[in-house]
Amino acid sequence: MFKTKEALIPYLLLVAAIAGGLIWHETENVPRLGKTVSQGKVDLGGPFTLTGQDGQKVSSTDFRGKYQLIYFGYSFCPDVCPTTLGVIAQALDKMGVEQKRIVPVFITIDPARDTPAVLKKYMSAFGERFVGLTGTVDEIAAVEKKYRVYAKKTPLPEGEGYGMDHSSVIYLMAPDGRLVSFYDELISPDDLLKELKAKI
Ligand code: NI
């Protein structure tokens, strides 16, 4: 969620880039597909290798052949992250067997605290199908950049530990890794379900 004005800037750039893609579609007389864009128009995403919640190496290529719902957040997030992961879980539950075509992926923006063991416990609250990913600070920073994620450590007013200001976007990626569409965290499970049914 955007708690600071600064946090909004990368998100607005993302929106502008995607809007640009739609304008291109219109001028080229390509049928508009809602917010669907191709990576050729919006350079977002890309290959990565991170560490899964069982300590195993996980590469973006491991998801080839399946759609991915990718969300960046952190397990210590008090509100937005668990709510959004819950929305994803509920939408997939309602999808029935078709959900097998989609892998929900949670990538931490707080690798210092989100170790594989912490993520394993956290992801289990949302269902076995979730893949939780962490990595070194540099690995996570590189993936954040590819997905235009904003994340910034912020001290808590109570003076204990820290929180993370971060952009909150659900990315729907195609089986070949390109961006299909993206949604903000205010989407309802039913609306996300509708989108998934329409787009996959
Ligand atoms: Ni959060």
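How many residues does helix H2 have, and how far does H2 reach from its first C-alpha to its last? Select residues 80–95: helix H2 has 16 residues and reaches 23 Å, close to the 22 Å expected at 1.5 Å a residue, where the expected span is 1.5 Å times one less than the number of residues. Helices (H or I, at least four residues) and strands (E, at least two) are DSSP runs, numbered from the N terminus.

This is a predicted model, in which local features need pLDDT of at least 70 and side-chain atom pairs count only at pLDDT 80 or more, while totals for chains, interfaces and linings use all residues. Residues are numbered from 1 along each chain as its sequence is written, and side-chain values use heavy atoms, with hydrogens and water left out.

Next, colour the buried residues of H2, which include Val80, Leu85, Ile88 and Met95; buried means under 20% relative accessible area, exposed over 50%, and partly exposed in between (1.4 Å probe, protein chains only). Among the elements that cover them are strand S3 (67–73) and helix H5 (189–199). Just after H2, stop at Gly96, which takes a positive phi of about 70 degrees.

Finally, move to Gln53, in the loop between strand S1 (49–52) and strand S2 (57–59). Why does Gln53 count as buried? Gln53 counts as buried because its relative accessibility is 13%. The side chain of Gln53 reaches the backbone oxygen of Phe130 at 3.0 Å, and the side chain of Gln53 also reaches the backbone nitrogen of Gly132 at 3.0 Å.

Conventions. Contact = heavy atoms within 4.5 Å. Polar contact = N/O pair within 3.5 Å; in protein donor to acceptor, adjacent residues only side chain to side chain.
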